[in-house]
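Here is a quick tour of the model shown below. Have the structure open in your viewer as you read.

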Amino acid sequence: MDGPEERARSPLKLGAQVTAVAVVLGLLGLLIWKVVHQNPSKIPQQVAKGKKPVAPAFDLPRLDTPGTLSLASLKGKVVVLNFWASWCAPCRDEVPTLERAWHRYRDRGLVVLGIDQQDLTSDARAFAKRYHMTYPLVRDGPGHVVSQYGLTGVPETFFVNRHGKVVGHVAAAISASQLDEGIKEAMQS
Amino acid sequence: MRTLAVLAAALVVGVPAALASESHPRLADLEGQLMCPTCKTPLDQSDAPAANRIRHFVVERINAGDTESEILDKLVVQFGPQVLAAPRKRGFDLLAWLLPLAGLVGGALVIGVLAWRWSRAREPAPAGGAPEQNGRVTLEPELERRVDEELARFE
């Protein structure tokens, strides 16, 4: 039998035990959340295996005009997602190629969308002006969309078909032939 | 007393230095507080193009008269909080600094309470047959008789 002192102490002891278990469970939950959210996107690998993963949705601020632009608003169109940054030298070289494709295919339901990432807004705007970028531009400063698409660097280009599936990926400055091939595949799939 | 003197000296030296750093930031100070967003290393250890652009931006803002906090705020707007090498000491981020301290204090308290309880449990209980008289423990009569008998054998 517990004495009176022991009986008085037991609720305190129980409370301390419950608190300790709650703290351990909380820390475990945080660890699981972190591991799950750090899981890198496998979109490039899936595309390389011939799969067509759903393009991660986003809604990003426009760089060229006020407002935002979401991928959902481009539903039914073929989208060429080009990730770039003003400090990236190869990004300069591919701008003319992307511009030509934008002017050539825009009447056939194609959108070239430039996503500036991990960059200063002022630098990005100056870059767009200097290299005469006329296709829509958005900005992903913190790089959230970058991680959703599993980028390993810039420039990288993804082809999204009319059904919102990623059907092609180029992890380097894109050439005219790579761009044409990717657009044709996205339009036919 | 010596501890207080050391603390006072630290305050006298540290606080004005922190205030000077806030109002007149230097690139070298800020580089240690920033991360390169592409290579994920401290800015002062990176020569990546993005790091160089941030360095250039910091110099521009210093020349424009921005305080340290203003420059850090502008970079967080541009790159997100991951551009900072350590969480800010304000708002929700303050938790990152306070929780480890709270853990240490809580741990010390728990150890202190447990040590106190253990030391209490180890104190000798006053036995019925061994009352203390004038600071000396007396033996039970039977035990005392046997001790006397044993001692008598050596006399």
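## Ground rules

Two residues are in contact if their C-beta atoms, placed from the backbone, lie within 7 Å. Helices (H or I, at least four residues) and strands (E, at least two) are DSSP runs, numbered from the N terminus.

This is a predicted model, in which local features need pLDDT of at least 70 and side-chain atom pairs count only at pLDDT 80 or more, while totals for chains, interfaces and linings use all residues. Residues are numbered from 1 along each chain as its sequence is written, and chains are lettered from A and ligands numbered from 1 in the order in which they are written.

## A tryptophan to start from

A:Trp102 sits in helix α3 of chain A. Leaving aside neighbours within four places in sequence, A:Trp102 touches A:Val112, A:Thr134 and A:Tyr135. A:Trp102 counts as buried because it has 20 C-beta neighbours inside 10 Å; the cut-offs are 20 or more other C-beta atoms within 10 Å for buried, 12 or fewer for exposed, and anything in between for partly exposed, with C-beta atoms placed from the backbone.

Now look for A:Val24, 78 residues from A:Trp102 along the chain: their C-alpha atoms are 54 Å apart.

Chain A has an open sheet of 5 strands with mixed pairing, in the order β5-β4-β3-β6-β7. The edges are β5 (137-140) and β7 (166-170) of chain A, each pairing on one side only. From one strand to the next, the twist averages 20°. Pairing here takes at least two DSSP bridges between two strands.

Helix α3 (residues 89-105) of chain A packs on this sheet against β3 (78-84) and β4 (110-117) of chain A, with its direction at about 155° to that of β4(A). Helix α6 (residues 176-188) of chain A lies across β3, β4, β6 and β7 of chain A and runs at about 170° to β7(A). Axes are lines fitted to C-alpha atoms, for helices over the stretch in contact, and angles run from 0 to 180 degrees between N-to-C directions.

β6(A) is largely enclosed by the rest of the structure, because 5 of its 5 residues are buried. A:Glu156, A:Phe158 and A:Val160 cover one side, and A:Thr157 and A:Phe159 the other.

β3(A) and β6(A) pair antiparallel over 5 bridges, with A:Phe83 opposite A:Glu156. On to the other partner: 4 bridges join β6 (residues 156-160) of chain A to β7(A), again antiparallel, and A:Val160 has A:Val166 as its bridge partner. The hairpin of β6(A) and β7(A) has 5 residues between the strands, and there A:Gly164 takes a positive phi near 80°.

## Chain B and confidence

The contact between the chains takes 10 residues from chain B and 10 residues from chain A. On the chain B side, α3 (49-63) and α4 (68-79) each give two or more residues, and α3(B) has the largest share, with 4 residues.

The model scores ipTM 0.75 and pTM 0.71. Chain B has a mean pLDDT (the predictor's confidence in each residue, from 0 to 100) of 83, and 77% of its residues reach 70 or more. Among the elements of chain B, α3(B) has the highest mean pLDDT (96) and strand β1 (residues 132-133) the lowest (58). Where pLDDT is low, the predicted coordinates should not be read in detail.
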